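Work through the exercises below with the sequence and the model side by side. Try each task before reading its solution.

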Amino acid sequence: MKRAQGTTTIGTLLTLAIAAAALGAGGCSQGSPPGPGATANDDSGTVVASLQLAPGVTVNAASYMIAGPGGFTKTGTINVANSSTLTATIPGLPAGNGFTISLSATSTDGSTSCAGSTTFNVTAHMTSAVSVHLTCHEAPRTGSVSVTGTINVCPRVDGVSANPAEVVVGASIALSVVVHDSDAGPAALSTQWTASAGTLAGANTAAPTFTCVGPGTVTISVTASDGDPTPGCADTGSVQVRCSLPGAGSNAASTMAVYGDAPYGTTPTDNSQTLATPAFIASVNADPDVSMVLHVGDIHSGKQFCTQAYDQTIFNLWTAYVDPLIYTPGDNEWADCNKAGEGGGAYNPTTMQIDYVLDSMGNPADYAKGDPLANLALIRSMFFPTPGLSLGTNKMSVLSQAQLFDPAHTTDAAYVENVMWETSNVLFVAINLPGGSNNDQDVWYAAPTATSAQTQEAADRTGADLRWLDLAFAQAQADGVAAIVIQTQADMWDPEKGAGHQSGYEPIVMSVATHTTAFGKPVLMFNGDSHVFQTGNPMDPSNPVYAMHPFYNVPNFYRIVVHGSTTPLEWLKVAIDPSANAAPSANAFGPFAWTRMIQP
């Protein structure tokens with residue numbers, strides 16, 4: 001049948017009507033079709049066919065083959081794409097008896113095939129009607145499946161334990177899991193552990209060890225499998241552990257000693273303050289209140305040379321500290337080592353080379369000719385041999401940026417000196433921020449322009465410092481501490497060389513101001529660099545040095561510049577009472593109160 005789509009649906013019975021004219025005495029040769037416009041004078045006949053299939057089964061064409069006497073054959077295709085019935089007139093058949101016509105058709109979707117045949121006779125000049133019965137076979141519509149079932153009892157995690165459930169960063173936690181598999185198969189029971197942070201040792205065992213690398217809550221999961229890959233068969237259990245900043249949770253009052261810019265000398269050979277250092281250290285050790293020491297940088301003056309021997313001397317002296325000592329490097333022991341006054345050298349505009357300072361033997365006076373990066377590496381190797389551990393006899397754990405750094409900024413891992421910890425519900429953060437000009441407005445060796453190494457150093461360090469401050473303030477918020485202490489060497493508000501010379505500190509000042517405002521609790525900064533003891537809030541518009549960075553008004557910020565460089569030596573005794581919240585004054589701020597300990 002003819003459909004709107006141009007296809008034909010053939011009814012239940014496939015009928016072929018054939019009419020043929022018998023060949024005359026001078027009939028055509030066997031198999032020769034008549035030409036177009038053949039007339040009744042032809043000594044041949046025609047056949048008319050029609051085709052019907054089952055409802056809904058559509059064909060576009062049917063094929064036929066006619067075989068007759070004397071070996072006559074004729075084949076062709078009947079196009080029914082635009083017909084509602086299959087009817088065809090097939091001319092050019094020779095008259096005679098015993099013809100056979102075979103018809104075949106296949107539905108357009110290939111699901112049904114039909115075939116049939118019948119015999120007929122051909123009478124000349126007549127059309128014979130022939131009905132062909134076709135049998136059709138549909139494709140199978142259903143099948144069967146042979147099922148063989150197997151049974152596996154999947155494993156079950158009965159419990160996961162962590163002992164202890166909370167440790168400080170750098171410490172380890174023992175993990176264990178209890179699993180049962182009732183049918184002990186199809187394979188031996190296996191376990192695989194994962195953690196949202198930190199590191200796992202023995203992650204494919206039943207009892208691995210987890211190590212905290214950063215503060216915060218960590219989810220540790222274990223998957224038990226008996227080898228059955230079916231989704232959902234393996235069972236999973238988890239446990240949460242807490243990684244705390246060293247000292248977190250301590251609310252007891254404490255006292256610390258803070259100093260910097262010492263020992264100093266007025267010449268490369270002036271060792272008077274160095275010789276006085278053992279007595280100075282003894283005075284700190286003798287105070288029963290003190291439990292921690294901070295040194296804000298500069299272990300020699302800008303008139304002393306940067307030598308490995310001198311650095312080793314200071315390190316050896318500091319081993320006498322009984323309490324933990326936290327030290328942040330100053331500019332004089334690395335960033336300024338390039339200067340001729342510290343034994344480095346100076347750019348010669350005539351030769352366009354560096355004239356290095358030489359000792360009496362003709363050798364460079366400074367370690368690595370005063371190269372700042374080499375001297376910083378020396379300081380790190382000597383004073384920071386173990387990331388996350390303070391100096392002093394009774395060493396204290398701290399979190400170092402070398403232990404916890406932004407994976408997107410892998411150079412941050414070099415800043416082992418950037419540390420943080422908590423004491424008396426106060427978070428402490430130390431950053432490597434050398435005095436002078438930070439981003440090095442003072443070009444190394446007084447050359448006409450900064451080298452790429454110098455500009456890269458400033459960029460890397462400033463970026464690391466900013467990210468470390470971000471993390472410190474975020475951790476302070478998370479832990480709900482009462483206050484924050486920032487330890488650094490640079491006096492970012494030193495007016496000696498004007499605001500332009502201090503512009504390299506602007507990103508740090510902005511970060512501190514923004515974070516302190518958001519924190520909303522006391523933030524106290526200790527720095528050295530400018531040597532003269534002073535207290536106050538440089539981010540208060542009424543402060544004399546406010547103009548150095550005149551963009552911020554942060555009332556909950558306070559700063560102490562510790563005494564340094566000159567005798568008599570002194571240290572600042574700072575008491576921390578977490579329950580106190582003193583108004584800013586010359587000797588107190590928030591939970592902090594201090595006294596200058598001037599040495600005889």
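**Exercise 1. The largest pocket**

*Solution.* Start with the ground rules. This is a predicted model, in which local features need pLDDT of at least 70 and side-chain atom pairs count only at pLDDT 80 or more, while totals for chains, interfaces and linings use all residues. Residues are numbered from 1 along each chain as its sequence is written, and side-chain values use heavy atoms, with hydrogens and water left out.

Step 1: On a 1 Å grid over the protein atoms alone, a pocket is an open set of points with protein on both sides within 12 Å along at least five of seven lines; a cavity is a set where a 1.4 Å probe fits but cannot get out; lining residues have an atom within 4 Å of a point. Grid points are joined across faces, edges and corners, and a volume is the space filled by probe spheres set on them.

Step 2: locate the pocket. Its volume is about 580 Å³. It is lined by 27 residues, and Tyr264, Asn332, Glu496, Asp529 and His531 are the closest to its centre.

Step 3: sort the lining. Ala, Val, Leu, Ile, Met, Phe, Trp, Tyr, Cys and Pro count as nonpolar, Asp, Glu, Lys and Arg as charged, and the others, Gly among them, as polar.

**Exercise 2. The largest cavity**

Describe the largest cavity and its lining.

*Solution.* Step 1: count. There are 5 cavities of 30 Å³ or more. The largest holds about 110 Å³ of space.

Step 1: list the lining. It has 16 residues, with Phe384, Leu389, Ser390, Val398 and Val419 nearest the centre. Strand β21 (residues 325-327) gives the largest share, 3 residues.

Step 2: sort it. The lining holds 11 nonpolar, 4 polar and 1 charged.

**Exercise 3. An antiparallel sheet**

Which strands stand at the edges of the sheet that contains β11, and why does one side of each lack a neighbour?

*Solution.* Step 1: write the order. Strands are DSSP runs (E, at least two residues), numbered from the N terminus. Two of them pair if DSSP finds at least two bridges between them. This open sheet of 4 strands runs β11-β13-β16-β15, with antiparallel pairing.

Step 1: find the edges. β11 (156-163) and β15 (199-201) each have a single partner strand, so one side of each is left without a neighbour in the sheet.

Step 2: check the pairs. β11 joins β13 (residues 172-180) through 7 bridges, and Ser161 has Ser176 as its bridge partner. β13 and β16 share 3 bridges, with Ser172 opposite Thr211. β15 joins β16 (residues 209-211) by 3 bridges, where Ala201 partners Thr209.

**Exercise 4. A mixed sheet**

What is the strand order of the open sheet with mixed pairing?

*Solution.* Step 1: the order of its 4 strands is β12-β18-β17-β14.

Step 1: β12 (166-168) and β14 (190-195) stand at the edges.

Step 2: β12 pairs with β18 (residues 235-244) in the parallel sense over 3 bridges. Glu166 has Arg242 as its bridge partner there.

**Exercise 5. Thr106**

Is Thr106 buried, partly exposed or exposed?

Step 1: apply the cut-offs. Buried means under 20% relative accessible area, exposed over 50%, partly exposed in between (1.4 Å probe, protein chains only). Thr106, at 46%, is partly exposed.

Step 2: find the contacts (heavy atoms within 4.5 Å). Leaving aside neighbours within four places in sequence, Thr106 touches Val59, Thr112 and Ser113.
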